[in-house]
Amino acid sequence: MTLVSNSVKPDTGAARAFAISALRKLTPLAGVVGFLLVWQIFVVAWGVPAYLLPSPSAIGHAFINQLPLLISNGWVTVYEMLAGYALAVGIAIPLAIAITSSRRFNQLVMPTMLFFQIIPKVAIAPLFLVWFGVGTTPKVLVAFLISFFPIVIDAAVGLRSMSSEMTDLARSMGASRMQVFAQFRLPTSLPYLFSGLKVAATLAIAGTVVGEFVGADKGLGYLLLVTNSNMETALMFATIVALTIIGLVFYYLVELLESYLIPWHVTHRVELGTM
Amino acid sequence: MSEPYIRLTNVGKKYETKTGAVEACGDINLEIKQSEFVAIVGPSGCGKTTILKMVAGLQPYTSGTITVAGKRVESPQTDVGIVFQEAIMLDWRDVLANVMLQIDIRKMDRAKYEPIARSLLKATGLEGFETKKPYELSGGMRQRVSICRALVHEPSMLMMDEPFGALDALTREQISMDIQRLWMETRKTALHITHSIPEAVLLADRVVVMGPRPGRIVEIIDIDLPRPRRLDRLPDRFHEYSTRIRDIFKSKGVLAMD
């Protein structure tokens, strides 16, 4: 008897801990499920017409039935988004290094950069259409423009965030300019850089869709316009879901890269000791 | 040996602000012999940290002359290990790598100095923490790592700028003992900045007492106490020295008369 109770006791403890952690993981999911359920009941109970607000189940049907269409157009949008984002990263990071290394250069480019950032991207997208036609280029450029600024600003803030005592430490070691940059300044800037990269990741998809709105013959932005004018509201919602999924997956990929590159940063530290 | 290792002659520093020039310190005359441990004690804003940074070549001085090992200080000194108020850990490096940073930056022989780094960590009670990241350590442990980092490359000078400022009283005492032991083993020329009278008397061969802003040296007191000095066996003379420094601060209006 004692043997059984002894062996059972720790088991219940482990089971309880498992239940608690499962509950913690399921809670956000329960929120989503609850929201969809209320939506479904509302649409069915009040008899809301499908062209105004389709039910979640109808959207789900449209999503699955039209999956090939969504994937073929989604791929176009993903490609344009990634190209614009990559271009932004490739230009923004060297530019941030340049403006933080030279006060003169900072004075030279900062006002112009701010000026271009303030211009609403929606307003210049039609111009790109005139210049570059309906092809890939204008979408890539809008995605580039919209994701460029947060990366430059956050990278520059990060590159300036090294404390004066850390600078003194480096100088007392006789560190060269290159060493200060590679060993101190750049690693210190990474958490800031990644916050810019994450903001930019969520903006890039929006920029691409704006580019597609203005003039396109493929892509999810184009699909949104078509479904809208055809009153295919369920497929329109399914397209929005597809865009959301792309945005989320992209954001989490950047975050995954961040946790891999800067595991030491406060936002990624594994909690020590007990819960 | 007659020539002092560090010499400050009529050193002063003024800096410009929007409301005019402010004098941080002036008329500083101080000679520090090789292997001597000198503590500078004074109230906040008396320019004691400025003195350390000027000697280290990290801040320019506006009058007088500073020489280290006979050479005028005009750029950052590198034959030195500095412990700052904050531990200044590189969070992306583990404990051992933070100590070895000193060796990496100076492109010194890793194989030769890694055993020194490990033995310093052991001497400061950090054995077994070599692969921990700085954020996994307490404030006191982080400051110990920075002490090891200041000594690993075997510099001629050890400079400490209020290294215990951010630590609790118990940790201060423990690390003071660590510093005394390490200094007795290595006999570096040491410059220690503090606002704690007992800490200065405990560690130093000579205590430089500074008055409030603009910072001037009021008195330099030889601490003639045998080493190792132990906190649990403080002789009466320890208290006499402390009282004497306290009285100087009182006469300068730094401490209230009671």
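Two residues are said to be in contact if their C-beta atoms, placed from the backbone, lie within 7 Å. The legends below describe close-up views of a predicted model.

**View 1. The two domains of chain B and the contact between them.** Chain B is divided into domain 1, which covers residues 6-196, and domain 2, which covers residues 221-252. Five residues of domain 1 of chain B are in contact with five residues of domain 2 of chain B, and the C-alpha centres of these two domains of chain B lie 23 Å apart. On the side of domain 1 of chain B that touches domain 2 of chain B, the largest share, four residues, comes from helix α5 (residues 169-186) of chain B. Sorted by class, this side of domain 1 of chain B has two nonpolar, one polar and two charged residues.

**View 2. Helix α2 of chain B and its surroundings.** Helix α2 (residues 95-105) of chain B has 11 residues, and because eight of them are buried, the helix is largely enclosed by the rest of the structure. The buried residues of α2(B) are B:V95, B:N98, B:V99, B:M100, B:L101, B:Q102, B:I103 and B:I105. These buried residues of α2(B) pack against α3 (110-123) and α4 (139-151) of chain B, and also against α8 of chain A. After α2(B) comes B:K107, a residue whose phi is positive, near 55°.

**View 3. The contact between chain A and chain B.** The contact between the chains takes 15 residues from chain A and 19 residues from chain B. On the side of chain A that touches chain B, α7 (164-172) and α8 of chain A each supply at least two residues, and the largest share of that side, six residues, comes from α7(A). Sorted by class, the side of chain A that touches chain B has seven nonpolar, four polar and four charged residues.

**View 4. Helices α6 and α8 of chain A, side by side in one view.** Two packed helices are described by the angle between their axes and the distance between the axes. For helix α6 (residues 136-159) of chain A and helix α8 (residues 177-214) of chain A, the axes come within 7 Å and cross at roughly 160°. Angles over 145 degrees count as roughly antiparallel, and α6(A) and α8(A) are therefore roughly antiparallel to each other. The crossing in which α6(A) passes α8(A) is right-handed, and the residues of the contact of α6(A) with α8(A) divide into 22 nonpolar, nine polar and four charged.

Key: Residues numbered from 1 in each chain as written. Chains lettered and ligands numbered in written order. Predicted model: local features only at pLDDT ≥ 70, side-chain atom pairs only at ≥ 80, totals over all residues. Axes fitted to C-alpha atoms, helices over the stretch in contact; angles between N-to-C directions. Parallel < 35°, antiparallel > 145°, perpendicular 65-115°, else oblique. Left-handed = near helix turned anticlockwise from the far one by under 90°. Nonpolar A, V, L, I, M, F, W, Y, C, P; charged D, E, K, R; others polar. Buried ≥ 20, exposed ≤ 12 C-beta atoms within 10 Å, placed from the backbone. Domains from an automatic or database assignment.
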